[in-house]
Number of protein chains: 4
Amino acid sequence: MHTYGKLDRKELEVEFSRIVAFSDGVFAIAITLLVLSFEVPGSGAQLEQGLEKQLPDLLAFVLSFAVLARVWVFHHRLFGALDQFDGRLIALNFLYLAFIILVPFTSDLIGEYGNERIAAIIYAVNMGVVGLVGAVMLEYAFRAELVRPALLERRFYYVGPPAWVLPVAFFGSIPVAFLDVQAAEVMWLIVFVLGGLLSSALARRPASD
Amino acid sequence: MHTYGKLDRKELEVEFSRIVAFSDGVFAIAITLLVLSFEVPGSGAQLEQGLEKQLPDLLAFVLSFAVLARVWVFHHRLFGALDQFDGRLIALNFLYLAFIILVPFTSDLIGEYGNERIAAIIYAVNMGVVGLVGAVMLEYAFRAELVRPALLERRFYYVGPPAWVLPVAFFGSIPVAFLDVQAAEVMWLIVFVLGGLLSSALARRPASD
Amino acid sequence: MHTYGKLDRKELEVEFSRIVAFSDGVFAIAITLLVLSFEVPGSGAQLEQGLEKQLPDLLAFVLSFAVLARVWVFHHRLFGALDQFDGRLIALNFLYLAFIILVPFTSDLIGEYGNERIAAIIYAVNMGVVGLVGAVMLEYAFRAELVRPALLERRFYYVGPPAWVLPVAFFGSIPVAFLDVQAAEVMWLIVFVLGGLLSSALARRPASD
Amino acid sequence: MHTYGKLDRKELEVEFSRIVAFSDGVFAIAITLLVLSFEVPGSGAQLEQGLEKQLPDLLAFVLSFAVLARVWVFHHRLFGALDQFDGRLIALNFLYLAFIILVPFTSDLIGEYGNERIAAIIYAVNMGVVGLVGAVMLEYAFRAELVRPALLERRFYYVGPPAWVLPVAFFGSIPVAFLDVQAAEVMWLIVFVLGGLLSSALARRPASD
């Protein structure tokens with residue numbers, strides 16, 4: 001798939017915007033399919049009990065929605081920073097999207113089996129890979145100088161450390177899950193919030209330059 | 001996620017339109033997933049009886065489609081009025097979308113369990129929060145002066161009271177549901193129609209200025 | 001929802017294209033959800049027999065895909081002809097989309113119950129209404145002079161009779177279905193093909209003016 | 001549906017981009033629906049065993065995602081090369097999309113029944129037709145001179161042989177499947193990788209001209 005040379009964004013506005021639109025489509029569908037993890041209780045069941053059983057699904061929904069929203073913002077900023085694109089970036093972007101697509105499944109899995117180690121690890125791997133490929137994509141965009149020249153020197157503040165919060169948090173939770181599954185899940189939440197604060201703090205700085 | 005300063009819409013046309021396109025994608029998918037509440041009766045069942053049982057699903061579909069259509073028009077007008085956007089607006093928009101995504105589930109729920117108080121309340125909360133976050137997003141856009149300057153003084157007529165019809169109608173129906181579930185559901189319809197008339201009446205006025 | 005005055009397309013490029021993009025999103029999702037009518041046979045079943053049972057689903061898929069494709073082309077041409085839009089057109093467009101959204105369900109229904117009168121009638125009503133609202137939308141766009149001035153006098157050749165093929169074919173098949181369900185279904189195919197030829201013939205004429 | 005004369009892309013930017021956007025929507029939805037082939041094991045089942053049973057689904061997901069990604073890139077390049085479009089191209093594009101839409105079903109089928117000849121053949125036919133229609137669409141675009149003039153003479157290098165890798169690989173695997181189903185499936189992988197290398201090699205050449 002490395003069949004493009006470096007292509008200028010302005011010359012190929014339609015092509016560039018197709019990649020972005022396709023990615024947004026996948027994001028929008030994957031995030032909306034999260035709703036499928038909720039099930040209307042069967043007609044024989046007691047409604048309230050059936051709904052109570054879905055509280056873990058609601059927690060999984062909130063977490064996965066929040067992570068995907070942040071990942072979308074990250075993707076949004078990355079592609080907003082690009083001046084050019086090439087085949088390698090498109091290939092990385094597809095790898096990224098493949099793991100985005102899996103989220104409705106792995107999210108449903110922790111909603112149903114939140115206490116099971118294997119479910120927590122699958123979810124952590126899924127989200128960790130999303131974060132990792134995102135960070136690699138960002139690194140690649142800077143190294144291959146696909147981003148707007150003005151941004152090249154603001155790399156650290158712009159998207160540096162925050163890009164690594166997600167993979168570190170989720171991969172870091174895997175050994176924790178071997179000790180205690182709930183602890184790993186709490187870790188996701190804590191690091192997610194801390195990461196949000198770190199991200200905001202760093203992002204605000206260059207704005208005040 | 002508050003990582004943007006105020007960003008000008010024209011300077012960042014692609015970025016702005018991505019937010020809008022992503023939101024539209026979520027709206028379009030959520031509204032289309034409403035169809036999943038209909039089930040083709042199983043091969044053993046009597047077809048006509050199986051279809052008759054889905055009449056409440058059809059009512060739920062009509063109501064939810066109508067509400068989502070109006071909510072989309074509201075969102076459409078709000079983003080059409082924007083001159084700028086910032087991270088807080090994006091965060092609010094994601095909160096908004098999270099509750100849009102839940103509609104196919106809560107709509108299916110009232111289709112199956114329209115006589116149950118708990119189902120009606122869950123639906124009312126879902127739609128009420130959609131309306132509330134929409135109204136807050138609108139207020140914020142005006143206060144933070146993200147809208148086009150020409151619109152700032154036409155705030156009341158432009159989108160003021162109509163923005164509050166939805167949350168008032170749906171949150172207001174919750175105490176009613178404790179007395180009588182059907183009454184709450186009738187209330188949704190009445191207020192929805194009245195709200196439509198109010199909205200039209202106010203909207204027509206500034207046009208004749 | 002009649003809250004817009006006449007709005008010029010060029011002045012409000014983003015708003016206009018959002019309506020189109022939203023409609024396209026709904027079309028794309030509805031047409032893709034047609035795949036959900038196919039079911040992978042359960043693990044206990046004989047695979048070949050399970051697949052053979054889905055041949056009617058395949059026919060329903062082909063028909064529904066072809067109709068939706070034509071309807072999309074119609075919608076595409078209509079919106080391509082517009083110079084302006086107003087709230088009434090948006091409301092009609094939503095009504096249109098509501099029936100587009102139902103197609104995956106009604107298509108699945110005739111795939112499963114193609115020999116049942118009630119299923120054929122539901123499908124015919126669904127497609128008939130899609131055709132009818134489309135034709136009304138077209139008429140309205142011409143009467144309210146929302147189309148490009150140059151097209152106003154070419155109304156008959158441009159989209160006149162072909163717009164009525166779909167509603168006439170599908171509503172006309174309903175009385176036929178009371179006599180013979182299969183005959184009604186054959187009628188869909190015949191009229192669909194004839195309609196295609198008529199449409200091509202008329203469309204080619206003004207091109208040679 | 002052959003109701004368009006040749007239309008210039010720049011004159012009808014909105015119309016052209018709608019075709020592209022609609023296609024991208026269908027691609028994005030079809031590729032995301034691949035996730036539906038994974039099932040969260042039922043609550044009574046042993047989780048790990050239930051997940052192990054889904055390893056073939058994962059292989060099917062990887063293969064189908066990779067093929068669809070490549071097909072999207074192909075479509076992307078083809079439409080990026082167009083200067084004009086006509087009704088015949090739109091009709092071909094719809095035929096193309098019809099088979100894209102079927103992929104989530106046929107992919108699920110080989111995930112569940114990878115050892116069954118009939119499943120492998122259905123998948124191979126589906127992907128083969130996608131490849132074939134793609135190649136025909138490309139040929140047509142060049143013959144009808146819908147592509148940018150500058151590209152007309154670079155036809156061979158630009159998209160010639162790589163366009164035929166997919167249909168040859170998948171149709172070629174059908175007789176192989178009659179001898180040995182696994183061999184046919186291995187063939188998909190080998191030819192897919194070789195095709196990727198061939199495609200890259202050829203694509204790089206004109207870039208260095």
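Which residue forms a salt bridge with Asp24(B)? To find out, select Asp24(B) together with Arg18(C): Arg18(C) is the partner, and the closest N and O atoms of the pair are 2.4 Å apart. A salt bridge here is a side-chain nitrogen of Lys or Arg within 4 Å of a carboxyl oxygen of Asp or Glu.

Before going on, note that this is a predicted model, in which local features need pLDDT of at least 70 and side-chain atom pairs count only at pLDDT 80 or more, while totals for chains, interfaces and linings use all residues. Residues are numbered from 1 along each chain as its sequence is written, chains are lettered from A in the order in which they are written, and side-chain values use heavy atoms, with hydrogens and water left out.

**Stop 1: chains B and C**

Now select chain B and chain C, where 36 residues of chain B are in contact with 30 residues of chain C, contact meaning heavy atoms within 4.5 Å. Together the two chains bury about 3,000 Å², and 75% of this is on carbon and sulfur atoms; buried area is the accessible area (1.4 Å probe) that two parts lose on being put together, summed over both.

On the side of chain B that touches chain C, α1 (13-33), α2 (47-52), α3 (55-81) and α7 (181-207) each supply at least two residues, and the largest share, ten residues, comes from α3(B).

**Stop 2: chains A and D**

Turn to chain A and chain D, where the contact takes 30 residues from chain A and 36 residues from chain D. These chains bury about 3,000 Å² between them, with 76% of it on carbon and sulfur atoms. The count between chain A and chain D is one salt bridge, and selecting Arg18(A) and Asp24(D) shows a pair whose closest N and O atoms are 2.3 Å apart. Three residue pairs in polar contact, both at pLDDT 80 or more, are found across this interface. The elements of chain A that give two or more residues to the side touching chain D are α1 (13-33), α4 (87-112) and α5.

**Stop 3: the whole structure**

Zoom out to all chains, over which a search finds eight salt bridges. One of them joins Asp24(D) and Arg18(A), and this pair crosses between chains, from helix α1 (residues 13-33) of chain D to helix α1 of chain A.

Technical notes. Helix = DSSP H or I, 4+ residues; strand = E, 2+ residues; numbered from the N terminus. Polar contact = N/O pair within 3.5 Å; in protein donor to acceptor, adjacent residues only side chain to side chain.
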